[in-house]
Amino acid sequence: MVFEKIEQFANLEMDYISDFSGGFISKNSNLLEKLELNNLTQFILEKSVHGTPIFKLGNKGTKILILSGIHGNELPPQIANVYLINELIGKDLNHTLFFIPFASPKSTMNNERTFHSMDLNRSAHIKDSLSNLIIQKIDKLGINFVGDFHSTAVNSNPGFEAIFSSKSPSSESFLIANYISEDVGSEIISFDFAGSSYKGAVEDVCNLKEIPAITGEVVSPFANVATGSVERSFSQMKSFLSYFGL
């Protein structure tokens, strides 16, 4: 498929990553109650029934992806991503922005961490896994930078608000993380070489391909939304875009 212009929403375009990952996100009441169900949000939810949609705003400058929902039960960044699309729709942007608010709508629907028992943040290097299809789309579109946003529960890994990055082979990953850390106060977790601790994270696979990427983490119980967690994830996303002058 190619990107289709959505006439009812100004400069919005969309395509699909896959057609086998769809889900009725509205069945996840913990997420749904935090969304403002305007026409655009309802459109995003409807398109997510049929697979993993990717949305596009703008047609110039650097190509940047905002990704969330790699773990379906990490709700704050998915909500924040929908908020971000709503905020930027119709704006005259100096860069081209891509959004995947629900990487695995089926997992989000079920409030599950995995997709068909596969951890998508440990399988982005496995050919034709759902997260690998996202990597393939990143390559095909020539996306220059990736922000992958998650949430973490207390006493899990990392268990506190943070920005993951690596210093090699994509050194700008660390520069972006440092910028966000100084801007919004998230702690930096940086590795000397991408993928050195574990394999298959979207961030690491991108960095290994020399597409600078970071992972943002905010604190919230899995499958739920802690007070202020959506706002913190939204701040990380906006800071990530601010690095590029947006």
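Axes here are lines fitted to C-alpha atoms, for helices over the stretch in contact, with angles running from 0 to 180 degrees between N-to-C directions. Keep that in mind for the views below, which come from a predicted model.

**View 1. Helix α3 packs against helix α8.** Here α3 (residues 75–88) meets α8 (residues 229–242) at an angle of about 55°, and their axes sit 8 Å apart. That angle makes α3 oblique to α8. As for handedness, α3 passes α8 in a right-handed crossing.

**View 2. Who touches whom between α3 and α8.** On the α3 side, the contact is made by Pro76, Pro77, Ile79, Ala80, Asn81, Tyr83, Leu84, Glu87 and Leu88. Facing them from α8 are Ser229, Val230, Ser233, Phe234, Met237, Lys238 and Leu241. Sort these residues by type and you get 11 nonpolar, three polar and two charged.

**View 3. Helix α2 packs against helix α3.** Now look at α2 (residues 39–48), which packs with α3 at an angle of about 130°, with 10 Å between the axes. Angles over 145 degrees would count as roughly antiparallel and 65 to 115 as roughly perpendicular, so α2 and α3 come out as oblique to each other. This crossing, of α2 past α3, is right-handed.

**View 4. Zooming in on the α2 and α3 contact.** From α2, the residues involved are Leu40, Thr41 and Ile44. Their partners on α3 are Val82, Ile85 and Asn86. By type, the contact of α2 with α3 has four nonpolar residues, two polar ones and no charged ones.

Definitions and conventions. Residues numbered from 1 in each chain as written. Predicted model: local features only at pLDDT ≥ 70, side-chain atom pairs only at ≥ 80, totals over all residues. Heavy atoms only, no water. Helix = DSSP H or I, 4+ residues; strand = E, 2+ residues; numbered from the N terminus. Parallel < 35°, antiparallel > 145°, perpendicular 65-115°, else oblique. Left-handed = near helix turned anticlockwise from the far one by under 90°. Contact = heavy atoms within 4.5 Å. Nonpolar A, V, L, I, M, F, W, Y, C, P; charged D, E, K, R; others polar.
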